[in-house]
Amino acid sequence: MNFHILYLYIVLSIIHLYACFFKKAKIRFTSKPFIMIILFALYYTSTQVRSKELIASIFLAFLGDVFLMYEKLFWYGVISFWCSDFLYLIIFSRLMPVLNLTYLSTLITLYVTFYIFVAYKSLWTYFGKLKVQGFVYGLPLLFNNMMSVYNLIFNHTYVNALFVVGTAFYAVSDYILIHGKYKKHIRHENFVIMLTYILAQGLIVSSFSC
């Protein structure tokens, strides 16, 4: 792993989070696009065999970051992130060490039940005409974490554990974003969203860079 770029990512993240917490708009808008650019540099310089799907996912997340900076481009950001999350799902599914239908079906049942009756249920009345879109958007986030847990069950590695934590942070970040958009804002919302997002992307991409 290229630790010089990793340290640069940490420094940039601290600067961006400072700007989010203290509402320094210029610093926040200037630093945000570089989050995924630096992670791309970390991945590209740390590996010899590079995944096209991961590179595409990083690029789409970069576009999503930029689009979400502007209210008029919100839905472009949503689509970009959904495609990025779906590519992550493809990548995690390819990491499956074995196919155990009993474990897989059990996890699917548990995750889908939690999603429908807890996470989605807490927001669906606020979606209005966007109930289907809201439901579909969360599915890649849900299954990314599920696949990470599945892989960790059969392959107890440090990297797989980081994938579990990273995908969990990613789901939390997007839930808070959607919660604030359609239901109710929380205190220091941008800070919390970006803290969980930075941890999520940093853990996932750096793990692929090992």
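A residue is called buried under 20% relative accessible area, exposed over 50% and partly exposed in between, using a 1.4 Å probe and protein chains only. The model is predicted, so local features need pLDDT of at least 70 and side-chain atom pairs count only at pLDDT 80 or more, while totals for chains, interfaces and linings use all residues. Residues are numbered from 1 along each chain as its sequence is written, and side-chain values use heavy atoms, leaving out hydrogens and water.

Rings of Phe, Tyr and Trp (its six-membered ring) pair if their centres lie within 6.5 Å, with planes under 30 degrees apart counted as stacked, over 60 as edge-to-face and the rest as tilted. By this rule there are 24 aromatic pairs. In one of them, Phe-29 and Tyr-70 have ring centres 6.4 Å apart and planes at 80°, so the pair is edge-to-face. Phe-29 belongs to helix α2 (residues 25–31) and Tyr-70 to the loop between α4 and α5 (74–94), 41 residues apart; helices here are DSSP runs (H or I, at least four residues), numbered from the N terminus. Phe-29 is partly exposed at 30% relative accessibility, and Tyr-70 is partly exposed at 42%.

A second example lies within helix α4, where Phe-59 and Phe-62 are three residues apart, about one helical turn. Their ring centres are 6.4 Å apart and their planes at 35°, so this pair is tilted. Phe-59 is partly exposed at 48% relative accessibility, and Phe-62 is partly exposed at 23%. Elsewhere, ring pairs join Phe-81, Tyr-88, Phe-92, Phe-163, Tyr-170, Tyr-197 and Phe-208 into a cluster.

Terms used:
Helix = DSSP H or I, 4+ residues; strand = E, 2+ residues; numbered from the N terminus.
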